[in-house]
2 protein chains.
Amino acid sequence: MRLNTKSAFLQERIKFEKHLSLSGLQISRARKIVFNEAIRNHGHFTSEELAKICFNKNKISRATVYRVVKDLLESGVIRETAFGDKHHHYEHIYDEKPHHHAQCLRCHEFIEFPDMKEDERYRPYLEKRGFKILGHEMHFYGICEKCQNQQKMK
Amino acid sequence: MRLNTKSAFLQERIKFEKHLSLSGLQISRARKIVFNEAIRNHGHFTSEELAKICFNKNKISRATVYRVVKDLLESGVIRETAFGDKHHHYEHIYDEKPHHHAQCLRCHEFIEFPDMKEDERYRPYLEKRGFKILGHEMHFYGICEKCQNQQKMK
DNA sequence: TCGCATATGAGACACTGTATCATAGTTAAC
DNA sequence: GTTAACTATGATACAGTGTCTCATATGCGA
């Protein structure tokens, strides 16, 4: 964990609250709780998982959690990771180094690798078309080392 | 459209049929029809859209289309685009220039932009870890121009 | 504190993708 | 061409995810 963890957390909260007020939304109890649980979670999570946690701890309803997840996404506090199964996966950005994912088509395991800022060359193209970029992900797919070896053994 | 369109189409069909026979699957009427409709479609499509087309034209049932889409995926004729709304999106690979996608979080519309080969710098990193890369996609998300304007009008 | 706009919870709902199973179609051997 | 064995199909039911509705509760500016 980095030294600036506390202030990074605060920055995220400020980012979120700023987004809310700019959008005419309230800083309600439910939004605070869902925000905290999303930040507390240090892996990937789905809306359903977050909803279960928030309901068990604080009786926040499923519908509300789904609604707040959208706010978190739009504020840039969490991002959607580009997975292929039928759930939406998210991860928070706070205290994380920018990274991308490579996924094995057989075992569906992930490899994370650092962001090398290669996206910068794409930005002008999208911004010229009026697209407001909130995030990006480089998504590789293929076969991981383990699965390649298993195939050889057959 | 490129000059080699016809032969490229044939190659795709051979690729598909080869996959089927290697997997012990039959080259049935339904599989031929779904293959043709997937190739005919020159944008993104979801299983549901494909199912509607195949049912209206040829009375192929929804369940069958979903099953054939899996075959098409595994044979490499179509690929899943790494997207986040609740449908799976596919596009066929035949006759397409490499490109990536940006998606609006509100209206879910896509912008396509050309591949600038920025992924090349990531390859050594993944290959060093034994990951066999079969493809990649750069995925941007944000708010499109139209949706930004709609927010302002409120 | 009051009044109004926004948020919430509970449940119903729509939709996607999968499973089941009886029937139909395909293939290969003869 | 027939037959037998296997695979594919269609119809339907089902589970799970995410959205919508609406009555009630809460937050916020005056």
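What rotation, with what shift along its axis, superposes chain A on chain B? In this predicted model, for which local features require pLDDT of at least 70, side-chain atom pairs count only at pLDDT 80 or more, and totals for chains, interfaces and linings use all residues, side-chain values use heavy atoms, with hydrogens and water left out. Residues are numbered from 1 along each chain as its sequence is written, and chains are lettered from A in the order in which they are written.

Chain A is superposed on chain B by a rotation of 177 degrees with 0.5 Å of shift along its axis, the RMSD being 2.0 Å (least squares on the C-alpha atoms of residues with pLDDT of at least 70 in both copies). The two copies are therefore related as by a two-fold rotation axis. Among the residues of chain A, Met138(A) comes closest to this axis, its C-alpha lying at 2.4 Å. The same surface serves both copies, as 93% of the contact residues of chain A recur in chain B.

The interface brings 46 residues of chain A into contact with 45 residues of chain B, contact being defined as heavy atoms within 4.5 Å. About 4,400 Å² is buried between the two chains, 64% of it on carbon and sulfur atoms; buried area is the accessible area (1.4 Å probe) that two parts lose on being put together, summed over both. Tyr122(A), Phe131(A) and Tyr141(A) supply 18% of the area that chain A buries against chain B, more than any other three residues.

Across this interface, zero salt bridges are found (a side-chain nitrogen of Lys or Arg within 4 Å of a carboxyl oxygen of Asp or Glu). Over all chains, by contrast, the count comes to 16 salt bridges. One of the salt bridges joins Lys15(A) to Glu12(A), with the closest N and O atoms 3.5 Å apart. These two residues are separated by about one helical turn, because Lys15(A) and Glu12(A) are three residues apart in helix α1 (residues 5-22) of chain A.

Strand pairing also links the chains. β6(A) and strand β6 (residues 132-143) of chain B pair in the antiparallel sense over 11 bridges; strands are DSSP runs (E, at least two residues), helices likewise (H or I, at least four), numbered from the N terminus, and two strands pair if DSSP finds at least two bridges between them. Within this pairing, Ile133(A) stands opposite Gly142(B) in β6(B).
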